[in-house]
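Thank you all for coming. I would like to walk you through one model this morning, so please have a look at it first.

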Amino acid sequence: LDPKIAPYSTDDPTSFAYPTARERWPIIITQAIDDVYRTVGASEDADKVAEGKEILADLSQLKYEVQHDRALTPILDDGYPDVAGYNKELEQLGNITWLKAPWLFTECYLFRRMSTHFSLSKHWKSYDVFARQKIKTFRSSRPAVLELAARYKDLVTQLRTPAPPSSSSSSPHDPEADRLLFTEMCEVCLWGNATDLSLLTSLTYDDIQKLQGSKARQAAEQNILVNDLAHVYAHLTQAAKEGNYSKRDRRVDIVLDNAGFELFVDLVLAGYLLSAGLATTVVLHPKSIPWFVSDVLPSDFGALLTALADPRWFYETPTEEDELQGRVPDKLTDKEVDELAFLFAEWSRFHAEGQLVLRPNRVWTGPGGFWRLPAEEKGLVDDLREGELVVFKGDLNYRKLVGDVAWDPTTPFTEAIGPLGPGSGLNILALRTCKADVVVGLKPGVDEKLRQMEGGGGDSGARRWAWNGKWAVVSFSKGT
Ligand code: F6P
Ligand code: MG
């Protein structure tokens, strides 16, 4: 069911898997240990504290096993049905050890394994060990959030303004302007993916803020190596026209990636699609367990809306760190509060009216690539076929779409997604900033040119340019 090409592996010194397994995974586990340690310290429940200490020991043991290249052991049965799939695949892979193993499987296994330490406990079952980091980073993306809130209110208000009576055309809006707006919203949503927490082990907050503003976005347009948005727009507008006659419901699914700022921009895109009439329902697919540090859990959706519901409280209450450094957060202006309130009102209304739906599914935190979905998850795939478009956000989802194997970078995207490609009935859009090795759909020579740029990897054999979220691919595959 998987592509017949070798997967990227943690023992390949030219792959980003190599430093990921040796440097980044230990840091991620250490951050989880620090987080549990803090919660244990603040808890007065003796049973919870005792269990917390066991979890700390388990996490330290896991870190030891990674760093000492021990064998991956079967996932303990915590009652969820995906355990069997993980363990079956582990068995098929033989006796793999952390530093000589397929990257995609092993990284998924890492997060699944971490989750069992909590799910098997009594007091920590639904504990999100990355929640603190997620909310903290979201707070630090304040300038970009405020800028986008203003832009969003402005454009939704414009979309609602009726055409002047003198206008002869039946459509009140300039089609070229509409297409540009669609492109802008998708690109906002795309670059929101550049700043995920699993990469934060190497980015500072200043770097993040630079990546998020509108100027940065315009400059970054030339960094989108494949941009199929014009086809996607044509596809959605066509569906909207046909929708008048046949199908009343036009659904867009978004397979989410990260919480915080990225979820915020996903909601910007979702809200825009609904307001512009390009979709009548948007279904958001979050993860079911803490995943790749910053991925969205249903609780992150709640946390985001809570922040927006009372932005003064969220942004103006000094955090522990503010207090330590004697910093007082800037006050929001009335205009800023008003713009955030507008967002909150819009999104809560869509949610309350069932136009914006959250639908978790354990499939998204499985061990393998998405080539397997049509054979193994028929129900899900049939459901996704009913929609007009499935948007896959982010790097990991892209790796899963193409199987995380060493494709020639000029392989067409439609080929690299195998059974999800043309003929599958699925219309797929990947919005991905590159943070791993695999990339497809490039014109001949592009990879070579990027490798020769500073930090691009040169002749080392490594595709370094694709590791840091600076370049992006926006690829579309039509299912018919
Ligand atoms: O930095 C690499 C990595 O951890 C990849 O393993 C993973 O694909 C990605 O980061 C997470 O990024 P995203 O949140 O965009 O999926
Ligand atoms: Mg992620």
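At what angle do helix 1 and helix 2 pack, and how far apart are their axes? Before I answer, please keep in mind that this is a predicted model, in which local features need pLDDT of at least 70 and side-chain atom pairs count only at pLDDT 80 or more, while totals for chains, interfaces and linings use all residues. Residues are numbered from 1 along each chain as its sequence is written, and chains are lettered from A and ligands numbered from 1 in the order in which they are written.

Helix 1, residues 17-42, packs against helix 2, residues 46-67, at about 170 degrees, and their axes are 10 Å apart. Helices here are DSSP runs of H or I with at least four residues, strands are E runs of at least two, and both are numbered from the N terminus. Axes are lines fitted to C-alpha atoms, for helices over the stretch in contact, and angles run from 0 to 180 degrees between N-to-C directions. That angle makes helix 1 roughly antiparallel to helix 2, a term kept for angles over 145 degrees. The contact, which requires C-beta atoms placed from the backbone to lie within 7 Å, includes Trp25, Ile29 and Val36 of helix 1 and Val49, Leu56 and Lys63 of helix 2.

Turning to the sheet, seven strands form an open sheet with mixed pairing, in the order 1-7-6-5-2-3-4, where two strands pair if DSSP finds at least two bridges between them. Strand 1 (224-227) and strand 4 (356-358) are the edge strands, each pairing on one side only, and the twist averages 15 degrees from one strand to the next. Strand 1 runs parallel to its partner, strand 7 (residues 472-477), over three bridges, and Val226 has Val473 of strand 7 as its bridge partner. Helix 18, residues 394-402, packs on this sheet, where helix 18 touches strand 2, strand 5 and strand 6, and its direction makes about 130 degrees with that of strand 6.

How confident is the predictor? The average pLDDT, the predictor's confidence in each residue from 0 to 100, is 92 for the protein, and 92% of the residues score at least 70. Over residues 197-203, however, pLDDT stays under 50. For the model, the scores are ipTM 0.96 and pTM 0.94.

Definitions and conventions: Angles under 35 degrees count as roughly parallel, over 145 as roughly antiparallel, 65 to 115 as roughly perpendicular and the rest as oblique. Two residues are in contact if their C-beta atoms, placed from the backbone, lie within 7 Å.
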